[in-house]
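Please go through them with the coordinates open.

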Amino acid sequence: MEETNKMNETTKKEEQTSTQKIGIYLWIWLLLFVLSFFSYMVDWYQFQGMLRWSLILFFMFLKAGLIMAFFMHLFWERYALVNVLLWPMTAIACFIFLMTAEFKYTLFSRFFYFVVGGA
Amino acid sequence: MSEQKIDGFELKPGFKGMASDTGSDQTMFKGVHWGKAMMWIFLLSDTFVFSCFLISYMKGRGSTIVDWPNTSEVFSLHVGGVPVPLLLIAIMTFVLITSSGTMALAVKYGYEKNRKMCGWLILATAVGGLTFVGMQVFEWSKLIHEGVRPWGNPFGASQFGSFFFMITGFHGFHVSIGVIFLFIYTYKVFAGHYESKKRGWFTKMKGDYVEIEILGLYWHFVDLVWVFIFAFFYLW
């Protein structure tokens with residue numbers, strides 16, 4: 001019991017000293033505003049096709065990365081935590097891949113049976 | 001991290017540190033408060049919930065043979081008779097990012113034991129979140145007046161309504177819960193619960209400003225989810 005209390009003490013002491021400079025938060029904040037403005041501009045100027053989609057994804061991942069790395073402090077966390085959080089995302093990527101194949105098949109069947117009229 | 005001292009145990013950086021942390025016989029997340037680790041695990045599971053929603057939206061939108069409604073027009077607001085595309089959504093995005101920034105600063109000031117500054121910033125965050133929910137209520141009622149229903153709408157593919165109400169509704173629910181907790185923690189900070197070491201939620205452990213960081217993690221996650229909803233639902 002005393003051992004655990006001692007550990008909590010050290011944990012707290014370490015957390016107190018680990019605050020970041022205010023500048024980094026303000027910069028990330030500003031950057032998030034600018035990136036959001038840019039992604040709004042993608043719609044404002046009505047970019048279409050691959051340009052639109054790649055710009056949307058680019059700004060989205062950049063914003064998500066900045067929020068996770070700096071606002072959620074993942075940049076300063078130990079790898080044991082960071083890796084536990086990020087590797088499961090590959091499962092989501094797999095799911096997206098599977099469902100992409102699935103919606104293409106559904107779309108094909110709907111065209112085939114509803115529009116063309118079947119075989 | 002160097003202040004961590006466990007008998008004959010040295011914390012290594014990088015992947016070597018990950019291997020030794022994971023293989024160690026004590027806590028795996030060294031120097032991470034248990035509440036923070038649990039919040040991260042919760043956020044990970046919540047990520048999967050929102051991913052399933054967005055993936056089902058992708059599947060639904062991709063497989064319909066009717067044109068998807070043009071979100072640029074559906075979500076436009078008329079300012080002086082001129083339709084401005086996605087105006088309300090853009091304002092909502094900026095409000096949420098503003099509240100995320102104030103939350104990040106609140107966490108910083110909390111750890112520096114700056115009670116007043118921390119409290120005001122959490123209050124600002126709560127007000128931002130409340131503004132966001134208010135604008136979402138306005139957006140919902142506008143679309144419902146225009147005839148958007150979960151089973152159909154006048155603009156295009158009938159799946160649009162169900163995905164819209166489910167995804168933005170679930171996100172709005174998260175924001176609402178967050179706002180409630182932000183107000184509670186505004187009170188806790190101003191009342192000095194972390195100076196007097198008052199006990200926290202459902203625990204005998206003494207309250208500490210790390211709770212503000214845990215609250216912050218949840219709030220940033222809400223902002224993070226909005227980044228994806230904004231990209232995939234409104235802009236795509």
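1. A convention is needed before the helix packing can be read: axes are lines fitted to C-alpha atoms, for helices over the stretch in contact, and angles run from 0 to 180 degrees between N-to-C directions. Please also keep in mind throughout that this is a predicted model.

2. With that convention, H4(B) and helix H7 (residues 210-235) of chain B pack at an angle of about 160°, their axes lying 9 Å apart. Since angles over 145 degrees count as roughly antiparallel, H4(B) is therefore roughly antiparallel to H7(B). The crossing of these two helices, H4(B) and H7(B), is left-handed.

3. On the H4(B) side, the residues that meet H7(B) include Ile89(B), Leu96(B), Met103(B) and Gly110(B), and among their counterparts in H7(B) are Trp219(B), His220(B), Trp226(B) and Tyr234(B). The residues of this contact divide into 12 nonpolar, five polar and two charged.

4. H4(B) itself, residues 87-111, has 25 residues and reaches 37 Å from its first C-alpha to its last, which is close to the 36 Å expected at 1.5 Å a residue. Because 20 of its 25 residues are buried, H4(B) is largely enclosed by the rest of the structure. Just after H4(B), Lys113(B) takes a positive phi of about 60°.

5. Chain A has five helices and zero strands, and buried residues make up 13% of its 119 residues.

6. Within chain A, H2(A) and H3(A) pack at an angle of about 165°, with their axes 10 Å apart, and that angle is why H2(A) is described as roughly antiparallel to H3(A). The crossing of H2(A) and H3(A) is left-handed. Among the residues that make the contact are Ile28(A), Leu35(A), Phe38(A) and Val42(A) of H2(A), together with Arg52(A), Phe59(A), Lys63(A) and Phe70(A) of H3(A). The residues of the contact of H2(A) with H3(A) divide into 14 nonpolar, two polar and two charged.

7. As for the interface between the chains, 47 residues of chain A are in contact with 50 residues of chain B. The elements that give two or more residues to the side of chain A that touches chain B are helices H1 (2-17), H2 (22-44), H3 (49-71), H4 (79-86) and H5 (89-116) of chain A. The largest share of that side, 12 residues, comes from H5(A). By residue type, the side of chain A that touches chain B divides into 29 nonpolar, nine polar and nine charged.

Definitions and conventions:
Residues are numbered from 1 along each chain as its sequence is written. Chains are lettered from A and ligands numbered from 1 in the order in which they are written. This is a predicted model: local features need pLDDT of at least 70, side-chain atom pairs count only at pLDDT 80 or more; totals for chains, interfaces and linings use all residues. Two residues are in contact if their C-beta atoms, placed from the backbone, lie within 7 Å. Helices (H or I, at least four residues) and strands (E, at least two) are DSSP runs, numbered from the N terminus. Ala, Val, Leu, Ile, Met, Phe, Trp, Tyr, Cys and Pro count as nonpolar, Asp, Glu, Lys and Arg as charged, and the others, Gly among them, as polar. Angles under 35 degrees count as roughly parallel, over 145 as roughly antiparallel, 65 to 115 as roughly perpendicular and the rest as oblique. A crossing is left-handed if the near helix is turned anticlockwise from the far one by less than a right angle, and right-handed if clockwise. The expected span of a helix is 1.5 Å times one less than its number of residues. A residue is buried if 20 or more other C-beta atoms lie within 10 Å of its own, exposed if 12 or fewer, and partly exposed in between; C-beta atoms are placed from the backbone.
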